[in-house]
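Here are a few notes to go with your look through this model.

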Amino acid sequence: MKKWLLRIALFLLVLTLSGATVIYFGLRELGFFREPVFETGAPLLPELRHPAVLVFSKTNAFIHREAIPAAQSALRRIGKARGWSVYLSDNGAIHNARDLQRFDAVVWNNVTGEVLDAGQKRALRDYLEQGGGFVALHSSGDSSHEDWPWYMKSIIRVRFVGHPMLPQFQRATVRIEQPADPIMAGEERAWTREDEWYSFAGSPRADGVRILATLDEQSYQPEAFGKSLRMGADHPVIWKHCVGAGRVFYSAMGHTAESYAEPRYLQLLERAVT
């Protein structure tokens, strides 16, 4: 009897360890449990014509494997149509004073985790405060950036707390709050679309932050595993503001590859970059 109990216990232990190993490597594949990597050598930039846009897509946490290349391709197409130079990189060392000054705008494309060293962070901060343009997409505003307090306080302006699960992706209605703003020009007041919808610890509405669009919480289920993610009537998903002489735009939308095939979303991003 004792031998059978021992065998069962060993079997359950092996099964548990096997399951944990599968989960661990599965999460590693998604981008978790990685030590941050910081590049020290910047890439050699080609000749750039203006306007020039840097699309930065580095991840040291969750990897949006479908959305990142979809956004890169979309921004390249927009750049080609508009006559922009669009340069793609996942090398954090491109954030240096010399190279950043060659770009009119920097797009952080679903960037996650701590991706810049101290000098690179300083270079980006100086670039923005001295008049650069910055566009942050979706996970560039999630909780994986909290190790850089200045970024969260000055760029995103609010703390991410979660997104729905089961189902993770839902159709919801976005309310355009500032239809006369140049970025939102021509947008209808209501926009129903499917995405992964972020909730935040509060609204960034204050201190010169211009809320461009909010989410109608009555149009979807803002909860995860029984936890409410409701923010109430003021649930911003798109906003902009200034950092020193620079300008910042953030869109919490854009988890899915399909987002970057939506004409309305592409037009919005085009106007945000310019």
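This is a predicted model: local features need pLDDT of at least 70, side-chain atom pairs count only at pLDDT 80 or more; totals for chains, interfaces and linings use all residues.

**Notes on the model**

1. Ser-139 sits in the loop that links strand S4 (133-137) to helix H5 (149-156). Its relative accessibility is 0%, and therefore Ser-139 counts as buried. Beyond four places in sequence, Ser-139 touches His-64, Asn-110, Val-111, Thr-112, His-145 and Tyr-198.

2. Have a look at Tyr-151 too. Setting aside neighbours within four places in sequence, Tyr-151 contacts Trp-108, Phe-134, Ala-136, Ser-140, His-145 and Ile-156. The largest nonpolar core has 74 residues, and those touching the most other members are Trp-108, Phe-134, Tyr-151 and Tyr-260. In soluble globular proteins, nonpolar side chains tend to be buried together.

3. Next, the strands. S13 (residues 246-251) is mostly covered, with five of its six residues buried. S4 and S13 run parallel and are joined by five bridges; Phe-134 stands opposite Val-248 in S13.

4. S13 also pairs with S12 (residues 236-243), this time antiparallel and through six bridges. Trp-239 has Tyr-250 of S13 as its bridge partner. Two residues lie between the strands of this hairpin, where Gly-244 takes a positive phi near 60 degrees.

5. Lastly, helix H6 (residues 263-273) has Tyr-265, Leu-266, Leu-268, Leu-269, Ala-272 and Val-273 buried. Viewed down the axis of H6, the buried residues fall within an arc of 160 degrees, so they line one face of the helix.

Definitions and conventions: Residues are numbered from 1 along each chain as its sequence is written. Side-chain values use heavy atoms; hydrogens and water are left out. Buried means under 20% relative accessible area, exposed over 50%, partly exposed in between (1.4 Å probe, protein chains only). Helices (H or I, at least four residues) and strands (E, at least two) are DSSP runs, numbered from the N terminus. The arc is that of the directions from the helix axis to the C-beta atoms. Contact means heavy atoms within 4.5 Å. A nonpolar core is a set of buried Ala, Val, Leu, Ile, Met, Phe, Trp, Tyr and Cys residues joined through side-chain atoms within 4.5 Å. Two strands pair if DSSP finds at least two bridges between them.
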